[in-house]
Amino acid sequence: MGRLQFFATSVALSLSLGRAVYGAIGPVTTLTIANADISPDGYTRATVLANGVYPGPLITGNKSDNFQITVEDQLTNSTMLKTTTIHWHGIFQQGTNWADGAAFVNQCPIASGNSFLYDFNVTDQAGTFWYHSHLSTQYCDGLRGPMVVYDPNDPNADLYDVDDDSTVITLSDWYHTAAALGAAFPAGADSTLINGLGRYTGGDSTNLTVITVEQGKRYRFRLISLSCDPNHTFSIDGHNMTIIEVDAVNHEALEVDSIQIFAAQRYSFVLTANQDIDNYWIRALPSTGTTDFTDGINSAILRYSGAAEVEPTTNQTTSVIPLAETDLVPLDSPAAPGEAVSGGVDLALNLEISFNGSAFFINNASYASPTVPVLLQILSGAQSASDLLPSGSIYSLPSNSTVELSFPITTSNNAGAPHPFHLHGHVFSVVRSAGSSVYNYDNPVRRDTVSTGTAGDNVTIRFTTDNPGPWFLHCHIDFHLEAGLAIVFAEDTADVASANPVTTEWSDLCPTYDALDDSDH
């Protein structure tokens, strides 16, 4: 095919596919990380972006694909850090712990002017994921984006007609001040962005995101919280939502009319466009900051094809079937690991959170990044938790065992609650959810990020150690992680090296980083 003919064909294909082509990249692709000034809510600020857009471009692939994502660091603004890493949230990284992206747990950061290849297989997973910087609070400054792994044999495929890049919905808190320059614990974001657009109090009536549907069709929307801090209560005026996926795990269909979604969580829901041709408000009410919808704040627009291009006049109604986490049931193998009794696991750990006004602690240790990544420490010969740094924040987990974690919250340790905790390298069964005192071992929700609730809660999760490597467990309120609310599990250390062969490029990261001047970090 000649160049001109190829160009014409490409243009025609792009026009015919419309939004389905725009933005979606992968599974083999490049992310260029650079600084840019943007104004997604009408206020211009400096940011850290992937490929010059916010949120970052949608990365897609299919179940069993090999992802090869080259991250090029072109950062120049030291306030938001010149180095970076990328974490692929929810991907197990089985055999590629080195590609998990958590700075100083799995790798040294990538230096400005350098690139690094994240090369990993997504062999037995499909669903809704996301990616973000995992260095300090850098993702709050813009380095966050959606990721979807499609399943050609999706068991829920008969429930919907449309599932493409136009049905991905991202929610994010947005700040007018760089994270490093603002409060250690912000009282609230300046705005909520839905698919990268929003408004702030006192600002102009800037454009809002419009999501278009055709009357009579069923849409699989993939709702992703890219939040650094608040949770959001999500709803769409006049429409119910049928949840079918939770954090990349298929679940039995559950109809709701509102979803409280915590930082880093994801839900797929089916929306049937069965209302009158009109415009309807999409609402994402944050738990902190501006908590109303005045002048289109915290909002986007659901527009039926054929409706006038105007803002909705619909009213919010009281939620009568809000999502309750305890109503979510996994589609496959729903039973929790271990025996269906209290303490029926190989290893049970109680994780006590505390706060001294400036730092968070788990079991009296506040997490601080080591200078040598935990993975490198293990590959260099350190095997036991007592030999690994940071001291007090490393927990050894035996191989092929069932593990139970409990997060008791009381009136004396509920600062900053509810904390959404994320476990890398695994999904887990939530045998006791926030707001409930019931223990469900038979068919509890299975996910990778869970709210640990408020005073009186004792959220309890179970998982199986089937993935050797150091894995981060941390609060996904990024400001809390920065203040020490994390630990690292050193899982099956004896098999880490054989299970996770590293690349030469990975081995070069630390010498390059260590040679940098502090101003270039």
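The following dialogue goes through structural labels in this predicted model and the values behind them.

Trainee: What kind of model is this, and what limits apply?

Mentor: The model is predicted: local features need pLDDT of at least 70, side-chain atom pairs count only at pLDDT 80 or more, and totals for chains, interfaces and linings use all residues. Residues are numbered from 1 along each chain as its sequence is written, and side-chain values use heavy atoms, with hydrogens and water left out.

Trainee: Why is Val459 called buried?

Mentor: Buried means under 20% relative accessible area, exposed over 50%, and partly exposed in between, with a 1.4 Å probe and protein chains only. Val459 has 0% relative accessibility, so Val459 counts as buried. Val459 lies in strand E29 (residues 458-464); helices (H or I, at least four residues) and strands (E, at least two) are DSSP runs, numbered from the N terminus.

Trainee: What is Val459 in contact with?

Mentor: Contact means heavy atoms within 4.5 Å. Leaving aside neighbours within four places in sequence, the contacts of Val459 include Leu405, Phe407, Val430, Arg432 and Val450.

Trainee: Is Asn364 buried or exposed?

Mentor: Asn364 counts as exposed because its relative accessibility is 71%. Asn364 sits in the loop between strand E22 (360-362) and H2. Its phi is near 70°, a positive value in a residue other than glycine.

Trainee: Which class does Ala264 fall in, buried or exposed?

Mentor: Ala264 is at 0% relative accessibility and therefore counts as buried. Ala264 also has a positive phi, about 85°, although it is not a glycine. Its place is the loop between E16 and strand E17 (266-272).

Trainee: What makes E13 and E18 a strand pair?

Mentor: Two strands pair if DSSP finds at least two bridges between them. Strand E13 (residues 232-236) and strand E18 (residues 279-286) have 5 bridges, in the antiparallel sense. In this pairing, His232 stands opposite Pro286 in E18.

Trainee: Which sheet do E13 and E18 belong to?

Mentor: An open sheet of 5 strands, in the order E11-E19-E18-E13-E16, with mixed pairing. Strands E11 (210-213) and E16 (259-261) are the edge strands, since each pairs on one side only. Neighbouring strands of this sheet are turned by 25° against each other on average, direction ignored; axes are lines fitted to C-alpha atoms, for helices over the stretch in contact, and angles run from 0 to 180 degrees between N-to-C directions.

Trainee: How do you know that the buried residues of H5 line one face?

Mentor: The buried residues of helix H5 (residues 504-514) are Trp506, Leu509, Cys510 and Tyr513. Seen down the axis of H5, they fall within an arc of 80°, so they line one face of the helix. The arc is that of the directions from the helix axis to the C-beta atoms. These buried residues pack against strand E6 (115-121) and helix H2 (374-379).

Trainee: What makes a set of residues a nonpolar core?

Mentor: A nonpolar core is a set of buried Ala, Val, Leu, Ile, Met, Phe, Trp, Tyr and Cys residues joined through side-chain atoms within 4.5 Å. The largest has 77 residues, and Phe234, Ile259, Phe269, Leu405 and Phe489 touch the most other members. A second, separate core of 52 residues includes Phe67, Val105, Leu143 and Trp506.

Trainee: How many aromatic pairs are there in the whole structure?

Mentor: A search finds 23. Rings of Phe, Tyr and Trp (its six-membered ring) pair if their centres lie within 6.5 Å; planes under 30 degrees apart count as stacked, over 60 as edge-to-face and the rest as tilted.

Trainee: Why is the pair of Tyr280 and Tyr304 called tilted?

Mentor: The ring centres of Tyr280 and Tyr304 are 5.5 Å apart and the planes are at 55°, so the pair is tilted. The pair links distant parts of the chain, with Tyr280 in strand E18 and Tyr304 in strand E19 (residues 299-304), 24 residues apart. Tyr280, at 8% relative accessibility, counts as buried, and Tyr304 is buried at 0%.

Trainee: What are the values for the pair of Phe407 and Phe421?

Mentor: That pair has 4.9 Å centre to centre and 40° between the planes, and is tilted. Phe407 lies in strand E24 and Phe421 in strand E25, 14 residues apart. Phe407 is buried at 1% relative accessibility, and Phe421 is buried with a relative accessible area of 1%.
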